[in-house]
Structure formats: structure tokens, C-alpha cells
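Subject: Structure handover

Hello,

Here is the structure for your files. My notes on it follow below the display.

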Amino acid sequence: MMNTKFITIVLLSFVLITNACVKDEIDNDKPNIEIIRPKNHDEYKLGDTIFMKIKFTDNKELKSASLQLMADGALTPEIEIKKELSQNVFEIDTFFIIWRDDPFDIDLSLEAFDKSGNVRSKLQHSHCNGS
């Protein structure tokens, strides 16, 4: 009887110590941002449509994703999409029609955060030649 209690106590102690030493897996992997379209350094003119398809992924879970399309470094984006998430894959599929007839630069700024706090940013540049 005494041996059974002793063995039980030793086994329970071993289980508790083992569980206390097991650490949660730390997620150091940054989210991925895949720009399907447009291509970097594409050229546009008045009336052209910029089709944008962006795929955000994470090995665990995305927290948020954002897209900003800026013209000539303006403070206000032409397009801004920000999304809070709880999934590991998210896609943005949108477009922008070139309405200005003067030459200007276009910057596509992308950012993804995962639930662990890892972040990835991407910047892509294009140009509009005007009319």
C-alpha cells in the first residue's frame, strides 16, 4: 500500500514537472504577402485600370492586413483597405482607374500582422505617363 502511494506521488510529480517545463511554441514566422498583380514598375496612362490582387498568408493566424494606393506621395491614399482578421489566408481583389492626365508616381503599400505580433510590409512602385 505504501509503495503504491509512493509510486503515485512520484509519477504525479514527474508529470507536473514535465508539463511545467514544456513551453508554448513561439511563432517567429512573419506573414507572407504575395502580389499577384500589378507587376512592379508597370506603366499606365489616362483611362487605364490597375487591377490589384494581393494574397496575405500566415502559418498560424493573421491579425490584420492593409493596402494603400498612394499617388505622388500624397498624404491621403487613393485607395485604402484595412481589415481585422482571424484566419490564415486573406485576399484583396480590387481595381483603380487612372483619372489624372498628368504624369505621376503610384505606390502600393501593403502590410500584414499576425496574432503573434510579427509584421511584414511590402512597397511596389508604378508610374502613370499621363495622357
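Is Lys-82 buried or exposed? Lys-82 is exposed, at a relative accessible area of 61%; the classes used here are buried for under 20% relative accessible area, exposed for over 50%, and partly exposed in between, with a 1.4 Å probe and protein chains only.

Two notes on conventions come before the rest. This is a predicted model, in which local features need pLDDT of at least 70 and side-chain atom pairs count only at pLDDT 80 or more, while totals for chains, interfaces and linings use all residues. Residues are numbered from 1 along each chain as its sequence is written, and side-chain values use heavy atoms, with hydrogens and water left out.

Overall layout

The chain contains one helix and six strands, in the order α-β-β-β-β-β-β from the N terminus. Helices (H or I, at least four residues) and strands (E, at least two) are DSSP runs, numbered from the N terminus. The chain has 131 residues, of which 30% count as buried. Its accessible surface is about 8,800 Å², and carbon and sulfur atoms hold 55% of that; the areas come from the Shrake-Rupley method with a 1.4 Å probe, and for residues only the protein chains shown count as cover. Among contacts (heavy atoms within 4.5 Å) with a separation of 6 or more, 67% are between residues 24 or more positions apart.

Strand pairing

Two strands are said to pair if DSSP finds at least two bridges between them. Strand β3 (residues 49-71) pairs with β5 in the antiparallel sense over nine bridges, and β3 also pairs antiparallel with β4, over 16 bridges. Strand β1 (residues 32-37) runs antiparallel to β3 and is joined to it by five bridges. Individual partners include Ile-35 with Ile-54 in β3, Ile-50 opposite Phe-96 in β4, and Ser-64 with Phe-113 in β5.

β5 pairs with β6 as well, antiparallel and over 10 bridges; there Ile-106 has Ser-126 in β6 as its bridge partner. The side chains of β5 alternate.

The β5-β6 hairpin and Asn-118

The hairpin of β5 and β6 has four residues between the strands, and Gly-117 in it takes a positive phi near 95°. Asn-118 sits in the loop between β5 (104-114) and β6 (119-128). Asn-118 is buried, at a relative accessible area of 13%. Its side chain reaches the backbone oxygen of Asp-27 at 2.9 Å. Leaving aside residues up to four places away in sequence, Asn-118 touches Asp-27, Asn-28, Asp-29, Lys-30, Pro-31, Ala-112 and Phe-113. The distance to Asp-27 falls under the polar contact rule: a pair of N or O atoms within 3.5 Å, where within protein one must be able to donate a hydrogen and the other to accept it, and residues adjacent in sequence count only if both atoms are side-chain atoms.

Salt bridges

How many salt bridges does a search of the whole structure find? It finds seven, a salt bridge being a side-chain nitrogen of Lys or Arg within 4 Å of a carboxyl oxygen of Asp or Glu.

One of them joins Asp-72 and Arg-100, with the closest N and O atoms 3.2 Å apart. Asp-72 lies in the loop between β3 and β4 (79-97) and Arg-100 in the loop between β4 and β5, so this pair ties together parts that are 28 residues apart in sequence. Asp-72 is partly exposed at 44% relative accessibility, while Arg-100 is buried at 17%. Asp-72, Arg-100 and Asp-102 are linked in a network of salt bridges.

Another salt bridge brings together the side chains of Lys-82 and Glu-80, at 3.6 Å from N to O. Glu-80 counts as partly exposed, at 42% relative accessibility. The side chains of Asp-48 and Lys-45 also meet in a salt bridge, at 3.5 Å from N to O. In that pair, Asp-48 is partly exposed at 21% relative accessibility, and Lys-45 is partly exposed at 45%.

Regards
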